[in-house]
Amino acid sequence: MYYISMVLMSTKIDLILKKYKPGRREDLIPMLQEIQDDSGYLSEEAIIRAGSFVGLSTTKIYGLATFYDQFRFLPAGKVQIKICNGTSCFLNGSQYVINKIMEETGLDPGQTGRDGIFSYEIETCMGGCNHGPVISVNGEYHTHIKADQLPELIKKLRYIIENE
Amino acid sequence: MVFTIQVNNKKIRAEKGETILSALNRNGIIIPTLCRMKDFTPTGACRMCVVEVEGRDRLVTACSQPVEEWMKIKTHSPRVITARKTIVELLLSNHPDDCLYCDRNLDCELQRLAEELNISERRIRSKKIKPRLDQSSPAIVRELSKCILCGRCIRVCEEIITSTSIDFINKGKSTHVGPAMDRDFNFSSCIHCGQCVVVCPTAALHEKHNITEVQEYLNKPEILKVIQYSPLVPVGIAEELGIRYNRDFDRIINSVLRKIGFDKVFNTGTGTDICISELTDQLMERIENKADKPLYITACPAWVKYAEQFMPSVIPDLSTIKSPQQITGVLIKTLVAGQSAVKPEKIFSVSVTPCTAMKFEARRDGMMRKGISDVDAVLTIRELARLIRLYGIDVTNADQEPADEPMEGRSSVSAIAEVSGGLAEGVIRSAWFRISKTEAERQLFKKLRSGNSFREASFSIGEIEINVAVVDGLKGLEKLKASQAAGKRYDLIEVMTCPGGCINGAGLTFNGSKDEKKSRAKMIYQADESDAVSLPCKSPVLRNLYEKLIKENKEISDKKIFYTHFEKRNVLL
């Protein structure tokens, strides 16, 4: 099963790489974005493939990809939470929200739990500055979040996923 | 075009196209720099070299700004000095306070800058960087808490070595330098050449020390302590200890090493002689068989690892001869063990080299027989200098003594092997002597000796023509590949990882200026002109080894022991 999924993934990467011309460094970021959109994260294999495709070392690609917040290197959870930590949200107390989520899920930003349900990331601004703190759950925005609303929300989400 | 600019109310001459910094330096004005490296494109990242230019609001980085005719520059105005001071204070704000225990204490650029800028108290405090110590590599230690993110190591690794094993990872305050996927060094494509160690201003990257291990064994009476040193060691030790080198030092070093407590002292040059002879055999055989592929010299362990990782197609063409250090190591564990009637496992064999990759090589696969490694510990020249200081030995007052038999002497060609192009020269000179029975003129090798990172020359000995290519600093490999792709055929290719060869190795003193490095090469060439034994085949030591000792020792008489194997490596490239 694992083997099949690996093969599937590598053919998927190949399909994406086919759209680009080899050896062009400027295509690197769109390429990585597309791979991430497709498989949810940048696997080691994806980084190696993209590297040999544009002619850069894995080290360089990894260095570049870690520079941007948008790339992740572990598969995302089924529930992907993004928390805004921009200036406005920060002033409205996003730090409490982040701490609460950390406490509730037991994860650090960018990590995915062993059960594969939750993963969360901290974003710099999501554009909802007058509704802060803002979080997004699988693309759905929740505004004016307070830390004490979170335990219930997370419980609900976990229930939904577990009983799907 | 030469014009004058005004600096600190004085007129100085500047050339069009040069940077402010080079104009200032030529006129005797010193500006502190940190991220700058000579012969590299400036990045202007650290802002240490800022100067005030009249008419500009902001301070200008002297290392990257081209000089212009209208410029009026202030190099040490209060504003500039405050700016520089603040930069160093900010760098120190999260730097660990363990200078006393630091590897680069008294030899650290950050420390020197803090001293130069008269920083005597911690004005800015911030959270210390989380310590992370990567000791996984046999040669290089990475201490992330000491890194000031100047990026020099990254540039050397990418531009000179072209192995691109390290880069900045993450951003902002979590930026750090590391290999692909943030792994440890032993899983990376690092080839252990140590050029990053040479350029690191702090101790964020330093060599792995084997001193404690050596000391431990020095205290064991039942063990036979044996040391071998490369021909560059006397020069390097003199430089590191701050004394003037002369030829007597080549013999003084023997007595110094004996005073430390080593029972037997050998010269790695003998191993180089064997290496050259074996290489000459291989080359002659190839020429006789009209092989159309080149023979790659494998004396540089960093290059071997590079080839195994990045150029697996050349692995069949690599000469399988071990490096001089390993050959000498093998002879110590076989011949010397037999002569002194001790078991090989009771011998502790140390090697002193100007190289960090040798530390890796001693741990390589195939450098061990029946659980006994050819070389037990490898010290860099810096480490040996520490050992000399530790044992309180006055080198200026030591006797001149010869090295021990059977590896007491070397030919002068084996010392040339420390300079890039030298091994190839040695092989060609040996081949020349074998074919024509006369010595080749040294003038012929001028083309191989110095120049840029890729050099080629062809030699015609009688009817045979030998094409030789020399690469130093692995970026020369690109030119080699291009030349090969254009249809040029070579018989012998020497590749050295460090620019200039071993004289620029990572185990030598840190503050060696460019002139010192040039003088290292000059001394070696001068010695070659005057030495009586110029070729391995003329060396009585080698003749004795080959005709008597190696022949008589059943274990090594087939010479298989001098050879090893190389194979493709699977690492993240």
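# Reading the terms in a two-chain model

Me: The axes of helix H9 (residues 268-288) of chain B and helix H11 (residues 324-339) of chain B come within 7 Å of each other and cross at roughly 105°. What makes H9(B) roughly perpendicular to H11(B)?

Reply: The structure is a predicted model, in which local features need pLDDT of at least 70 and side-chain atom pairs count only at pLDDT 80 or more, while totals for chains, interfaces and linings use all residues. Residues are numbered from 1 along each chain as its sequence is written, and chains are lettered from A and ligands numbered from 1 in the order in which they are written. Axes are lines fitted to C-alpha atoms, for helices over the stretch in contact, and angles run from 0 to 180 degrees between N-to-C directions. Angles under 35 degrees count as roughly parallel, over 145 as roughly antiparallel, 65 to 115 as roughly perpendicular and the rest as oblique. The crossing is at roughly 105°, and therefore H9(B) is roughly perpendicular to H11(B).

Me: Which residues in H9(B) and H11(B) meet?

Reply: Contact requires C-beta atoms, placed from the backbone, within 7 Å. In H9(B), the residues are Thr268(B), Thr270(B), Gly271(B), Thr272(B), Ile274(B) and Cys275(B), which meet Pro324(B), Gln325(B), Ile327(B) and Thr328(B) in H11(B). The contact of H9(B) with H11(B) holds four nonpolar, six polar and no charged residues. Here Ala, Val, Leu, Ile, Met, Phe, Trp, Tyr, Cys and Pro count as nonpolar, Asp, Glu, Lys and Arg as charged, and the others, Gly among them, as polar.

Me: How do we know that the span of helix H15 (residues 422-436) of chain B agrees with its 15 residues?

Reply: Helices (H or I, at least four residues) and strands (E, at least two) are DSSP runs, numbered from the N terminus. The expected span of a helix is 1.5 Å times one less than its number of residues. For the 15 residues of H15(B) this gives 21 Å, and the end C-alpha atoms are 21 Å apart, so the two agree.

Me: Why is H15(B) called mostly covered?

Reply: A residue is buried if 20 or more other C-beta atoms lie within 10 Å of its own, exposed if 12 or fewer, and partly exposed in between, with C-beta atoms placed from the backbone. In H15(B), eleven of the 15 residues are buried, among them Leu423(B), Val427(B), Ile428(B), Arg429(B) and Trp432(B). Their cover includes H9, helix H14 (412-416) and strand E19 (464-472) of chain B. After H15(B) comes Lys437(B), with a positive phi near 60°.

Me: What makes Ala341(B) count as exposed?

Reply: Ala341(B) has 7 C-beta neighbours inside 10 Å and so counts as exposed. Ala341(B) lies in the loop between H11 and strand E14 (347-353) of chain B, and its phi is positive, near 55°, in a residue other than glycine.

Me: Is Lys370(B) buried or exposed?

Reply: With 7 other C-beta atoms within 10 Å, Lys370(B) is exposed. Its loop runs between strand E15 (368-369) and strand E16 (372-373) of chain B, and its phi is likewise positive, near 50°. Most residues other than glycine have a negative phi, and most peptide bonds are trans.

Me: Which kind of peptide bond joins Glu405(B) and Pro406(B)?

Reply: The bond is cis, with omega about 0°. Pro406(B) is in the loop between helix H13 (381-390) and H14 of chain B.

Me: What makes Arg25(A) count as exposed?

Reply: Arg25(A) has 11 C-beta neighbours inside 10 Å and therefore counts as exposed. Arg25(A) is in the loop between helix H1 (2-18) and helix H2 (28-39) of chain A. Leaving aside neighbours within four places in sequence, Arg25(A) is in contact with Val54(A) and Leu56(A). The C-alpha atoms of Arg25(A) and Gly55(A) are separated by 7.8 Å, although the two are 30 residues apart along the chain.

Me: Which domains does the assignment give in chain A?

Reply: Domain bounds come from an automatic or database domain assignment. For chain A, the assignment gives domain 1 (2-67) and domain 2 (79-162), whose C-alpha centres lie 28 Å apart. Chain A has seven helices and four strands, and buried residues make up 29% of its 164 residues.

Note on methods. Contact = placed C-beta atoms within 7 Å.
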